[in-house]
Amino acid sequence: MLTRRSLLAAGVASPAAPARAQVVTTLGSEAERITILSDGGFEMPLSTLARDMPAAEIVAQAGPSDPFRTPVNVTCLRRGSEVILFDCGAGAHFLPGTGQLAASLVAAGIDPEAVTHVLFTHLHPDHFWGALDDFDSPLFPNARWLAAAPEIDFWTGNKVYERLPADRHAFAAGAQRIAKGLGEKLERMAAASEWLPGIAAVETAGHTPGHVSFAFRSAGQEVMVLGDALTHPRISFAHPEWRPASDHDAERAVATRRSLLDRLHQEGVLAIGYHLPGAAGRVERDAAAYRFVPV
């Protein structure tokens with residue numbers, strides 16, 4: 001059974017104060033609009049930002065607030081008759097302070113029945129568990145649900161518990177519950193391919209084994225929805241070599257961050273981060289590393 005205690009043991013700190021439903025920001029034109037919606041937020045200990053760094057160094061880089069609050073940003077792309085969500089929030093079974101997506105959709109004037117696609121970056125609780133409503137039915141009844149095959153295989157596999165530390169077993173139990181609830185509606189996709197016309201999955205594994213980001217053009221600019229490939233507005237950019245506790249494969253995640261930051265900077269991509277304050281911004285060079293500049 002999933003409980004608040006089991007979720008706290010899985011690396012999440014005390015719940016943040018409940019966040020009001022809101023539209024974080026809106027980008028693009030009427031014909032092709034990006035709306036970033038809040039699913040609320042939660043708190044994490046500063047120590048989770050780097051497994052092997054002294055506490056004083058983490059404070060010097062991230063600030064003294066411990067725990068720190070991380071927002072949860074769900075991206076919606078509306079183009080023509082399509083209403084596409086990238087991830088779908090935490091739902092009712094994660095922590096207080098999250099699960100605000102349904103109300104934020106109302107605030108944005110988006111009918112859940114109008115959602116045509118949900119594309120998952122990965123199957124962690126705050127990205128995947130919002131797929132089912134209070135009655136364990138798909139929250140978006142007319143949507144196609146797409147996830148990378150390696151990600152589905154990992155979380156639903158018979159040996160997933162052997163491949164996770166004990167404090168992450170609740171994540172696997174929840175992922176399996178949601179996947180079972182979606183059933184055949186959950187479509188398996190190749191990790192590096194075009195999932196929808198003009199929307200390509202980009203392999204950004206490390207945070208989870210099958211994590212992907214999504215690249216597309218909107219209103220004449222290159223956009224990438226990052227998921228959790230970059231999660232902290234300072235540390236992920238200034239110290240991509242640090243090893244957050246939330247990464248499944250720490251070394252692969254480091255390599256992913258370095259490669260991704262270089263691409264985002266070199267190509268001038270508009271980056272949208274699931275846990276970045278303000279959500280959308282550009283990546284700029286900062287000495288030997290990078291910085292995130294919100295738009």
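Colleague: What makes the second largest pocket a pocket, and how much space lies in it?

Modeller: A pocket is an open set of points, on a 1 Å grid over the protein atoms alone, with protein on both sides within 12 Å along at least five of seven lines. About 170 Å³ of space lies in the second largest pocket, a volume being the space filled by probe spheres (1.4 Å probe) set on points joined across faces, edges and corners. This is a predicted model, in which local features need pLDDT of at least 70 and side-chain atom pairs count only at pLDDT 80 or more, while totals for chains, interfaces and linings use all residues. Residues are numbered from 1 along each chain as its sequence is written, and side-chain values use heavy atoms, with hydrogens and water left out.

Colleague: Which residues line the second largest pocket, and how do you know?

Modeller: A lining residue has an atom within 4 Å of a point, and those of the second largest pocket include Asp39, Cys88, Gly130, Asp133 and Asp134. The lining divides into six nonpolar, three polar and three charged residues, where Ala, Val, Leu, Ile, Met, Phe, Trp, Tyr, Cys and Pro count as nonpolar, Asp, Glu, Lys and Arg as charged, and the others, Gly among them, as polar.

Colleague: Why is Asp87 called buried?

Modeller: Buried means under 20% relative accessible area (1.4 Å probe, protein chains only), exposed over 50%, and partly exposed in between. The relative accessibility of Asp87 is 0%, so Asp87 counts as buried. Asp87 sits in the loop between E4 and H3, and has a positive phi of about 70 degrees although it is not a glycine.

Colleague: What makes Ala287 buried or exposed?

Modeller: With a relative accessible area of 75%, Ala287 is over the 50% limit and is therefore exposed. Ala287 belongs to the loop between strand E13 (280–286) and E14, and its phi, near 60 degrees, is likewise positive in a residue other than glycine.

Colleague: Why do strands E8 and E14 stand at the edges?

Modeller: The open sheet has seven strands in the order E8-E9-E10-E11-E12-E13-E14, with mixed pairing. Strand E8 (194–196) and strand E14 (289–294) each have a single partner strand, so one side of each is left without a neighbour in the sheet.

Key:
Two strands pair if DSSP finds at least two bridges between them. Helices (H or I, at least four residues) and strands (E, at least two) are DSSP runs, numbered from the N terminus.
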